[in-house]
Amino acid sequence: MSILFIGLALPSAQQVLAQEPATNPPSTQPQVKVNMLNVCSPSTAEQKEIAGALERIPKAPLFGADFEVSRGRSTLTDMPNLLQPGPSTHFGDEKSVASYVRIRREFAVQALFSSVQYSFSNDGQNMVETLVLHVRDPKDLIQVSMEDSASSVTSSEAMLGSNSPASRVRLERFGKSSIALARCLGQEGGPTPDQSAYEPLFRSASDVLANYRALLSVKKIVPEELANISGESKPKAAPTSKIKRPVEEKK
């Protein structure tokens, strides 16, 4: 009887095993981790870190003898990688061409920062200026950047002369996610978020940006270089012939 019982039990066990779902093999696809920056309302700890980095930027730096001034033209096919577009920033569907000017100076002493780079771009619809300070020996902080933008309804001289306030601040950190603060608008016609608590940070970043505009002679260099770019695109006038024609004799 026991042997018959075992023989009848085996098919039932096989049926149970057949009904169990097959285990999925482990995925070979790498996991992607996305860090979202809270640019509209950074935490208290992030605010302190932004304030500390801005305070360490030298107000009267000693520059080395080396410097760089470059200009060019770049075709933009995608929307610029801005942290948060400003209220006057306009983006079109078609690709645009931007003229840009870059100024770079090295710090002469062994300070926290090794160099500073300023850039100004104009694509015919938006004007954007960015100031980036690079850390000499990055252990925690790598660089600090400030940015502002405006609709190109006026000249570069007018924008630079008005000392536009900074609308974005970003800290790039070593081995950690970035920290950012930006002016934000209401979503889908909603109310503008209250960012009054961050006004000291925006004001501090604006002071740094205005100070380095003067230190780097931005108001003089940028309009001159942009004018050279515009001049290169104009067709040159035909050269005047130096061959003298013979004078006709009067009859």
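Helix 2 covers residues 44–55, and at 1.5 Å a residue its 12 residues should span 16 Å; the end C-alpha atoms are 17 Å apart, which agrees. The expected span here is 1.5 Å times one less than the number of residues, and helices (H or I, at least four residues) and strands (E, at least two) are DSSP runs numbered from the N terminus. The model is predicted: local features need pLDDT of at least 70, side-chain atom pairs count only at pLDDT 80 or more, and totals for chains, interfaces and linings use all residues. Residues are numbered from 1 along each chain as its sequence is written, and side-chain values use heavy atoms, with hydrogens and water left out.

Within helix 2, I50, A53 and L54 are buried (under 20% relative accessible area, with exposed over 50% and partly exposed in between; 1.4 Å probe, protein chains only). Seen down the helix axis, the buried residues fall within an arc of 100°, so they line one face of helix 2; the arc is that of the directions from the axis to the C-beta atoms. The face turned away from this buried side carries the exposed residues T44, A45, K48 and E55.

Turning to the rings, the structure holds 1 aromatic pair. F63 and F107 are stacked, at 5.6 Å centre to centre and 25° between the planes (rings of Phe, Tyr and Trp, the last by its six-membered ring, pair if their centres lie within 6.5 Å; planes under 30 degrees apart count as stacked, over 60 as edge-to-face and the rest as tilted). F63 lies in strand 1 and F107 in strand 2, so the pair ties together parts that are 44 residues apart in sequence.
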